[in-house]
Amino acid sequence: MSAPSTLSILRWLVWRDLTLAWRRRADVLSTLFFFVIVVSLFPLGIGPETNLLRSIAPGVVWVAALLASMLSLGRLFANDYQDGTLEQILLTPQPLYLLVVAKIFALWLVSGVPLALIAPLVGVQFGLPQDTLLVLTISLFIGTPILSLIGSIGAALTLGLRGGGVLVSVLVLPLYVPALIFGAGAVEASIMGTSPQANLSLLGAMLALALVFAPWATAAGLRISLE
Amino acid sequence: MINRRINWYRYASPGNFYPLAGKLIPWFAIPAAILFMVGLYVGFVIAPTDFQQGDAYRIIFIHVPAAWMGMFLYVLMAAYAGIGWAFNARLSSMMASAVAITGAMFTFVSLVTGSLWGKPTWGTYWVWDARLTSTLILMFLYIGFISLQSAIEDYRRADRAGAVLALVGVINVPIIYFSVQWWNTLHQGASIRILEKPTIAPPMLAAMLIMLAACWLYSVAVVLARVRCIILEREQNVARVAEAGA
């Protein structure tokens, strides 16, 4: 029997996580609903004035996305840790870095992508113009993988700890700040009628940086937590 | 021939370091106290009143050294944690945990004194200025490190997990600083600037440097005292033996 190639292992890993997510659709959907509900609460708290809502929309949508993606981090490793799959993953001969990237990619597919797709809908609630809705979606498409990548470090480090959920937020939210600034900045630039390109480019640069460094830190964190 | 070289690795062992730290503490604590008094005297009595800001500016003699220490101690903490992780040096990791609390304290002091200075000078306690915001986030990073370490019961795991977090934080600090600066210039045409430095009078500079040295010595003394507590807590046998031998 020949050993399967790394690529096919990665494909299986992504496929497995997607299947698991599909079997527990409620988890995925509740994160999505959390996002929609949080965003919808703001007009109720602040008042229905369109101009005000439009000016706070970028920040509100992005902060809600931050919180929602943080909630989804619990699914990344915790279940695999409990049933022992994670140990098996660590024991495979494939580089852990790539396996971690595959798991984060699968998480992003079920948490980040739906968020980015539904964002225009909540953007309409805030009276955002059409161009801006597009920028909002693009910024979330570039930004949510950053959130998943950075968040995975926190998820790995707090694996199996009591009160892990709250702890993750304390660890990870300060690290989300740059993504929030440039993501919301891109949307705001678009509302002001200027080009969002500078912000989007910086967001893209951060994605590249996070893609290189974060899985490495996550892999180190997993090894520490499972020692 | 007597081998005169000191074996520095000897003091990488918590048991050997414990009595050494105990002996070193007064050598840092007493000069720190003296320098604090000298610095405060020079700062509050000798240094001239600023003609723009009046006497309110005098808080910078505490504020500026505290802010510097807050930033520097984070890097120091990450370096200790990284060394502890890479070389499996327990003492280095213990130093990182000891430094974290002092660093968080200085960051907090710099935020509080900064806002107290801001009220008479800017007319408001808090401005979303780039420096203020990044200092605030720096404090969140400290809090994250401390709460992660205190959530993990196994010391080895706590040390290593803290090291990963501290190193990730160190990479992030410059990114956060520049992004906040960028955000600030985008959001509001700088309504308030950190004061344009009037040519700083020599007594002012002297007071600031003395206070910085005092903060340094204080940090060393406090960190050594705290690391002794950590050694006692974690390695009870080692410490007890050392205590008996000393």
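Visitor: How do α6(A) and α10(A) pack, and at what angle?

Guide: Two packed helices are described by the angle between their axes and by the distance between those axes. In this predicted model, α6(A) and helix α10 (residues 197-225) of chain A meet at an angle of about 105°, and their axes are 9 Å apart. Angles of 65 to 115 degrees count as roughly perpendicular, so that is how α6(A) and α10(A) sit relative to each other.

Visitor: Which residues make the contact?

Guide: From α6(A) come Leu96(A), Tyr97(A), Val100(A), Val101(A) and Ile104(A). Facing them from α10(A) are Pro215(A), Trp216(A), Thr218(A), Ala219(A) and Leu222(A). Sorted by class, the contact has nine nonpolar residues, one polar and no charged ones.

Visitor: Where is the kink in α10(A)?

Guide: Look at Ala210(A): a kink of about 35° is centred there. Now try the length check. At 1.5 Å a residue, the 29 residues of α10(A) should span 42 Å, and the end C-alpha atoms are 40 Å apart, which agrees.

Visitor: Back to helix α6 of chain A. Is Leu115(A) buried or exposed?

Guide: Count the C-beta atoms around the residue. Leu115(A), which lies in helix α6 (residues 96-125) of chain A, has 26 other C-beta atoms within 10 Å. The cut-off for buried is 20 or more, so Leu115(A) is buried.

Visitor: What is Leu115(A) in contact with, leaving aside its neighbours within four places in sequence?

Guide: Its partners are Leu32(A), Phe35(A), Ala65(A), Ala68(A), Leu140(A) and Thr144(A).

Visitor: What should helix α1 of chain B span, and where does it bend?

Guide: The 33 residues of helix α1 (residues 14-46) of chain B should span 48 Å at 1.5 Å a residue, and the end C-alpha atoms are 44 Å apart, which agrees. The bend is about 30°, at Leu24(B), and a proline, Pro26(B), follows within four residues. The buried residues of α1(B) include Phe17(B), Tyr18(B), Leu35(B) and Gly39(B).

Visitor: What about phi of Asn88(B)?

Guide: Most residues other than glycine have a negative phi. Asn88(B) has a positive value, near 60°. You'll find Asn88(B) in the loop between α2 (60-86) and α3 (90-122) of chain B. With 12 C-beta neighbours inside 10 Å, Asn88(B) counts as exposed, since the cut-off for exposed is 12 or fewer.

Visitor: Last one: how many residues of chain B are in contact with chain A?

Guide: 23 residues of chain B are in contact with 21 residues of chain A. On the chain B side, the elements giving two or more residues are α4 (130-151) and α5 (155-187). α5(B) gives the most, with 14 residues. By class, the chain B side divides into 17 nonpolar, four polar and two charged residues.

Definitions and conventions. Residues are numbered from 1 along each chain as its sequence is written. Chains are lettered from A and ligands numbered from 1 in the order in which they are written. This is a predicted model: local features need pLDDT of at least 70, side-chain atom pairs count only at pLDDT 80 or more; totals for chains, interfaces and linings use all residues. The expected span of a helix is 1.5 Å times one less than its number of residues. The bend at a residue is the angle between axes fitted to the seven residues ending there and the seven starting there. Two residues are in contact if their C-beta atoms, placed from the backbone, lie within 7 Å. Ala, Val, Leu, Ile, Met, Phe, Trp, Tyr, Cys and Pro count as nonpolar, Asp, Glu, Lys and Arg as charged, and the others, Gly among them, as polar. Axes are lines fitted to C-alpha atoms, for helices over the stretch in contact, and angles run from 0 to 180 degrees between N-to-C directions. Angles under 35 degrees count as roughly parallel, over 145 as roughly antiparallel, 65 to 115 as roughly perpendicular and the rest as oblique.
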